[in-house]
Structures are given as C-alpha cells and as structure tokens.
Amino acid sequence: MALVLEQVLNGVQLGVMLFLLAAGLTLIFGIMGVINLAHGSLYMVGAYAAAFVAQATGSFLLAIPAGLAAAALVGMAIEYGVVRHLYARDHLDQVLATFGLILFFNQLVVLLFGRQPMFVQIPPALAGAVDLGFFSYPVYRLCIIAVGLATAGALFWLIQRTRLGMLVRAGATHRDMVQALGVDIRLLYTVVFGLGALLAGLAGLMAGPLLSVQVGMGEQILILTFVVVVIGGLGSVTGAFAGALLVGVVDTSLRAFLPGLLRGLMTGSEADALAGGVSAMGVYLLMAIVLLVRPKGLFPAHG
Amino acid sequence: MSVIKKAACGLAAGVSILCLGGAAAAQEPLKIGMVTTLSGPGGYLGQDIRDAFNLAVEMGGGKLGGTPVQVLVEDDALKPGQGKQIADKFMKTDKVKLLTGIVFSNVALAVVPDVLDNDGIYVSPNAGPSTLAGKECHRNYFVVSWQNDSLHESAGQNANNLGFKKAFILAPNYQAGKDALEGFKRMFKGEIVGEVFTRLDQTDFAAEMAQIRNAKPDVVFQFHPGGAGIAFLRQYQQAGLIESVPMVVPSPSMDAVTLKAVGAPALGLNVSAQWNSDFDNPASKEFVEAFTKKYNRPITYYASQGYDTALAIGAALKATGGKVDNAEAFRTAMLKADFKSVRGNFKFGRNQHPIQDWYSMRVEKDDAGNPVIRTKAKILSDVGDSYAKDCKL
C-alpha cells in the first residue's frame, strides 16, 4: 500500500513537471497556431541559467529568478526574432525553423558550458526526506508537486479571471475579432510566448537538482510533453493539466508495477524485458486510445 | 607521361597529389573515420574518445605507427540511423577503409555490419555488444575496450568478493543493458531480488527507487552510462538509500566525470574497471600526464580506451607499412597487439576482443578531502569473454 501511494506521488510529481511544459506548448499552439519544437530548449535554458547562477553564487534562491528570467527573455527573443515571421506560414515551416532552433541552442550550450553535465545541489533546507506516516518521501519532490499545483492554480486564475486571460481565451477562438477590436495582437503573442517560456524555465530549474543538467535534456521530455498536449486537446490548458497528470501517473505506474504483474505470468527475465518494452510504449498506447475515443483530445479548445 | 601532364603535375606539386602516381601517394595521410557520440547526454563519452585518440596521433607527430593519419570525426547523436549514414559517407565519399569511435552498442549494431559488408575494417574503442562477439564475429572487426558483458561480470565478481548475497539490478532496455544484467548474473553467486529495465533516455528514477526500497536488497548493481548515471546516483542519495544499501557498479556508471558531478555522495561506491587513472605503469602515467596537460579535465575510462585504440591501430599500421588495403595483412598485424596498453596486460582473444585483467576500485577521499576513484585489488586476471567460444575465427 505504501509502495502504491509512493508511486502515485512519483507519478503526480512527473505529471506537474509535464504540465508546466505542456501548458506553455499548448497555449502557444492554441493562440498562435505555432508548433514550437524549441520548447524543450527553453526548459534547458532555464535549467542551465539556474545551474550556472547556483554554482556561481552558491544560492538556490538567486538561481530561481535567474532561471525564470533567462527562459522568459530567450522565449520572447525567439518569438520576436524567429517565430513572429512564421505565423502565416505552414506548420511544416514552423517545425523546420523551431527544429533548427533546437540544434542552435544545443550547440550554443555546448560552446558555453561544454558537454559534461552540470551539477546543482538541492538547497539544504529541502534536502532529506519527510515521514508521511506509511513511508518517507523526499522533501524536494514534495516541493515540486506543491509549486506545480500552485502554478496551475495561478494559471487558471490568470486565464479565467484577468483581462490578459480574457484576451488569451479570445485570441485562441476568435483571433480576427480580437484584432479587429484593436488589441495589439503582436504584443499579446510575445507575452504569451514569454509566459510559456517562463513555465518551461520553471520546470527546467526545478529539474536541475533532480536530474542532470545536460545538453539535449529538453528533447528527452519534449516528446512526452507532446503526448500530454495531444491527449489533453491542442490549445487547452485544462486538457494539459489532466493529460499531464494522467501521463505522469500511467507512465510511473507501468514502470513500477508491470514487471511485478508480468512476473506472475512468466519467467523473470522474459517478464522484465516485456515489461520494459510495454511500459515504454504505455503512454503512446494511452494516446492512441484517447484519440480513438475522443479524436480532439480530452478537453478540446476549439469546439 | 606526356609533357603537358608533367607540367600540370609540376604546377600542382605541393598543392595537389591527385595526379601523382604510386610512391608519392604514400604521402597522403591515411584517413580514419570516427563515428562517435558528441551531442546529447552521452556527448562527453565520445568527446573523451575523440580527444584521447587525437592525443595519441599528436604525440606521434601527426602519425600513428609512423604513418601520417587524418582523423575524420562526425557526431552520430546516439542515433543508429545517423551513424549508419555517416559511415556510408565516410566509405563512399571519403574512401575511408578504417573506422572507429562508436560509443553506444545500439549505434554499433547498425553501423558495424554495414562497414564489414563493404570490406571496411572496424576497431571499437567502446561498444562491444554480445551479438557481434560470438557466432557473428568477423575477421575485420576488433574491439579494444571490452566485450560489454565483461564489465558486468567483473562487477558480479566484485559483489561476490565483497560478500553481498541479495542484489537488485537495473540497466537500460537496449542491447548493452541486457548484456549488463546477463553479465552480472553470470558471475554473481547470490540471489537476485529484483531486476528492472529502465528506458535508454530515462532520467527520473523515482519509481525505481521505491521498488529498490521495497525489495530490501543488500546491494544494488546498476549500469547507466553518462548523464543518466549521475541522475541515478543523486536520486539514490535523495531517496536516502545510499546509507542503507551499498552499490556495486561497472566503470560506465562511475567515471571521473560522473564522480565530479555527484561529489561526496559517491563515497564508498564499489567500481570495477580495466583501467583507472591511478594505474602505476609507464604507459598509463605518460597518457595521464599528456591528457591532463592538454585538456586539463578529469580523465575517464573512455579516454583511455580511445588512446589504446589509437595505439593498437598504430602498432598494426607500423607492421603493414601504413597500408590497410590488404585486410588480412592488417588483421595479422593488429592481432599481435604490439603496443603498450595503459591497462598493462592486453591481448586479443580468438573473437578479436580483449583478454585483460579487471580491478576493483572504491570511491574514497583523497588527501584534500575530494572524492577520487582508488584502485584496490585485481578481481580477475587474463579473462576474455564468454562468447569467444562461439566464434569460429
């Protein structure tokens, strides 16, 4: 039982990380219609900026704004410099350009920081594990869950209750009308892109002490993020949240429990090999099933 | 040769060697194609192999075994398809006959058969997948590093020597990962209480940590090369497991770079390897000194393998007078392994994989309090691999 609960928490933790990335990706797609493959690079930028500042100053508190600011600024620069010119173009052109950005950022990071992974210490206050009754769980991972959920809450408030959110929602469904009403749509686009980048940077800087900060770390998680966005419904933040938690929990549970289940049915090593294979496919199967039942995802943004 | 052609050659002398025949062609450096992983989390592995290989060339004054060489390097980005394209390009466009460099077994499995089918020669500085070591062994395929399983067999033996009885074992779900778990199980005499295949691109191991804690092993064996290994160790520490369950790892899970990133939590880790930077033989000392002087960064096993590969190729080139056209002559020369390996004892077995010694190491504090990998004892002497017997060469 304790093991199940612990794995569910692990799943939720992966889920909120995916949500932070997927929210930006889905907003950018929903509002601007741009498929931004370089979103993973923004995650990497956030992680590297935070790692660099943490190493230089020894303070994780300073690393947080550094990671956020770097990701948001780079994101807005990308929008201004590259993506802005692609709104009217085909998705294929967008994919090509943003894929080029991935290569660019990866190489830039190699030039600046080298190929060897960077190391960020968990802030001492958050190190260690806390006893939750049945089992103990790393404090830092609990913090990630808390920050992720808080961010999700803030994002819903922003989108549902504020003027900016109203424009974002209107922009997603009635782009031409928003423009006709005199809203500076270009500025809105830059702000939304920056917001998406900020969220990716937040995910990146929180991942730093957990994973290794390394070149190409964004692409590893980007594919899962796309799965989340597709499951949730393109352009829907609610969908991204539901999809992220679903993918996080399903992925973790398959990895955790499938080998044990299969071992009851066949010999050890065969079960492990099969379980490894099936759990790697798991989220993609989930995506296929969701798309079969609801071709537009769980919470489609455009009716 | 006509007068005009002579004149043309005169003009081109020093610039072009294309229109000069026979004897002068020997001046053209021998091209060696290096397909390796330079980008992504595994990028530092290929970087070390490349840099150490180039170091050996540089120490020979641009020559290997007296033959001028030109090393062409391309990044496979850990993608088998990309590796194959690069190898194709090297062989067709650049007319390269001798290839090396591949870090990861999945790339090797895509590239090596292709190279061999096209009458190329491949010398591996790292990947040594089991599928190419037994029945599928090939006259033109040499592995200087190790057969994949040997790394893990040595770790299994190390675990026996240290008196562990219940092991939980993990490796990524690809050929080298499967070889890892097989290799460990072949040697380990205790009980396996859990066996997990992780994903090759996985960096979050929270689910696995919970499984380990639940299985209550007295030792964990894990094989995660590159960045994943760093993430694994740190999460192992964060999960509070490092105090309660010791770890036995093969060298790819704890190299000098991983150690630098992980730091103090790695103290007490048991490593097994065929080489370590503290080896007390002249070849190793010379290598360590030269590498440190040139690159000034931690030296990994990968670097030593890249260096040895260059030396092995150099020794063969010396014997064939710099020619690789006659694959059989090159093979005879190569198999003599007439070079001073940084590992000390080294020879090729019948499947053209190494027969060498394995050592146990432990992560300890040096005099300044920094964690270092210290060589402790010899675990195995003069061992080849368990696939050699199936090789009909």
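In this predicted model, strand β11 of chain B, residues 270–273, is joined by 4 bridges to strand β13 of chain B, which covers residues 354–365. The two strands run antiparallel. One pairing can be picked out by residue: B:N270 has B:R362 in β13(B) as its bridge partner.

Strand β11(B) also pairs with strand β10 of chain B, residues 247–250. Here there are 3 bridges, and the strands β10(B) and β11(B) run parallel. Within this pairing, B:V249 stands opposite B:V271 of β11(B). Helix α10 of chain B, residues 256–262, belongs with these two strands: β10(B), α10 and β11(B) form a β-α-β unit, and the unit is right-handed.

Which way do the side chains of β11(B) point? B:N270 and B:S272 point one way, while B:V271 and B:A273 point the other way. Residues on both sides of the strand are buried, B:N270 and B:S272 as well as B:V271 and B:A273.

The next level up is the domain. Chain B is divided into domain 1, made of 3–146 + 280–348, and domain 2, made of 149–273 + 358–390. Each domain is thus written as two stretches of the chain, because the bounds come from an automatic or database domain assignment. The centres of the two domains, taken over C-alpha atoms, are separated by 30 Å. In their contact, domain 1 of chain B takes part with 23 residues and domain 2 of chain B with 30 residues.

Between them, domain 1 and domain 2 of chain B bury about 1,900 Å², and carbon and sulfur atoms give 66% of this area. On the side of domain 1, B:Y44, B:W146 and B:Y301 supply 32% of the area buried against domain 2, more than any other three residues. The count of salt bridges between domain 1 and domain 2 of chain B is 0.

How many salt bridges are counted between chain B and chain A? The count is 4. B:E208 forms a salt bridge with A:R255, and the closest N and O atoms of this pair are 3.0 Å apart.

Conventions
Residues numbered from 1 in each chain as written. Chains lettered and ligands numbered in written order. Predicted model: local features only at pLDDT ≥ 70, side-chain atom pairs only at ≥ 80, totals over all residues. Heavy atoms only, no water. Buried < 20%, exposed > 50% of the residue type's maximum accessible area, 1.4 Å probe, protein only. Pairing = 2+ DSSP bridges. Right-handed = clockwise from strand over helix to strand, strands pointing away. Contact = heavy atoms within 4.5 Å. Buried area = accessible area lost by both parts, 1.4 Å probe. Salt bridge = Lys/Arg side-chain N within 4 Å of Asp/Glu carboxyl O.
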